[in-house]
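Subject: Structure handover

Hi,

Here is the structure I promised to pass on. Please open it alongside these notes.

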Amino acid sequence: MAVVLGASVLLLTLLCIAVVPSHGALQVGFYRGKCNGTDVEAAIRSVVAARFGRDRSIVPALLRLHFHDCFVRGCDASILLDGSGTEKTAPPNLSVRGYDLIDQAKTELESRCPGVVSCADIIAVATRDAVVLGGGSQYTYAVQTGRRDGVVSLASEAIRNLPGDSFSASQAIAAFEAKGLNASYMVWLLGGHTVGVTHCSFIRNRLYSYNGSGKPDPTMDPALVNLLRSRCPQSSTVDNTVFLDHSTPSTRGVLKVDQNIAMDGATNATVRSLANGGSSFPSLFGRAMVKMGAIQVLTGTQGQIRKSCRVVKK
């Protein structure tokens, strides 16, 4: 009887193990030898390089796309899914772009090895390639791959999880820590704003009537206010873009959250160290991108490999 019971328990244990999703680990070179002789990362790099040659703003576009994807359900390409009520439709994502580049890379790879390369990995690799093209070889970092694609995308979750551009330093720190990124990682990642742009609509209130005062944000440098006003007229119907980096001192941020972080006691030392060249920003930024790229990833048999990045595979 004991032998029969023991065998039954062993069989039940094996069955339970069989139905638990496999949690594989991300690794550098995951696709090596898996795409019919195609170098997956080289194929993605070729697509990014061609776009960069025509449009250098693809660098901040992909950085933002990757960031907004990873902060909602992890780095699972859920931001790419089309449909009513998906992450794409959330207000913070309405100006996100770069989707077509990811589509192009996916189409190219599907033609060479169908059902192998995830959309989530394409985002991560393409973002790294854009950063290197925009910033130089010192920004090179190894991308871990092996992510799989999610099947859920909700605008409500994007609204709830994405940090706001006017967050206080403590709010921003809390939002990043909720994703496993400490204050230093947050500062390093937000340093990506040095290659970015923002729309006037995100900063116009700081320039003309901060908190309904009828005056600009008193913490902003007057010279920076005047410079930005020339690009962002108060009554303009065109939502122009402005560069986030004006080669200004570390306490003069275009976005409120950047300035808050630069001035707050919890983060000021890290910001100043970067601004004064006391730390190697490219290597620290690369470390932070790798860390962010591993947030709540799906691996092994979790999720799926979509055929089209815009649609869940049925």
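**What was found**

The chain has 13 helices and four strands. Both are DSSP runs, numbered from the N terminus: helices are H or I with at least four residues, strands are E with at least two. This is a predicted model, in which local features need pLDDT of at least 70, side-chain atom pairs count only at pLDDT 80 or more, and totals for chains, interfaces and linings use all residues. Residues are numbered from 1 along each chain as its sequence is written, and side-chain values use heavy atoms, with hydrogens and water left out.

**Fold and core**

Of the 314 residues, 46% are buried (under 20% relative accessible area; exposed is over 50%, partly exposed in between; 1.4 Å probe, protein chains only). Take contacts (heavy atoms within 4.5 Å) between residues at least 6 apart in sequence: 76% of them join residues at least 24 apart.

The largest nonpolar core holds 72 residues. Such a core is a set of buried Ala, Val, Leu, Ile, Met, Phe, Trp, Tyr and Cys residues joined through side-chain atoms within 4.5 Å. L80, I102 and M292 have the most contacts inside this core. Helix α5 (residues 119-135) gives the largest share, nine residues. Beyond its neighbours within four places in sequence, L80 touches residues including L65, Y99, I102, C119, I123 and C309. A separate core has nine residues, among them Y208, M220, L228 and C232.

**Disulfides**

A disulfide is a covalent bond between the sulfur atoms of two cysteines. The cut-off here is a pair of cysteine sulfur atoms within 2.5 Å. The count is three.

- C35 to C113: S to S is 1.9 Å. The S-S torsion is about -80°, so this disulfide is left-handed. C35 sits in the loop between β1 (27-28) and α2 (40-54), and C113 in the loop between α4 (99-112) and α5, 78 residues apart. Both C35 and C113 are buried.
- C70 to C75: the sulfur atoms are 2.0 Å apart. The S-S torsion is about 120°, so this disulfide is right-handed. C70 is buried at 0% relative accessibility. C75 is buried too, at 1%.
- C119 to C309: the sulfur atoms are 2.2 Å apart. With -100° about the S-S bond, this link is left-handed. C119 is in helix α5 and C309 in the segment after α13 (281-292), so the pair ties together parts 190 residues apart in sequence. C119 and C309 are both buried.

Best wishes
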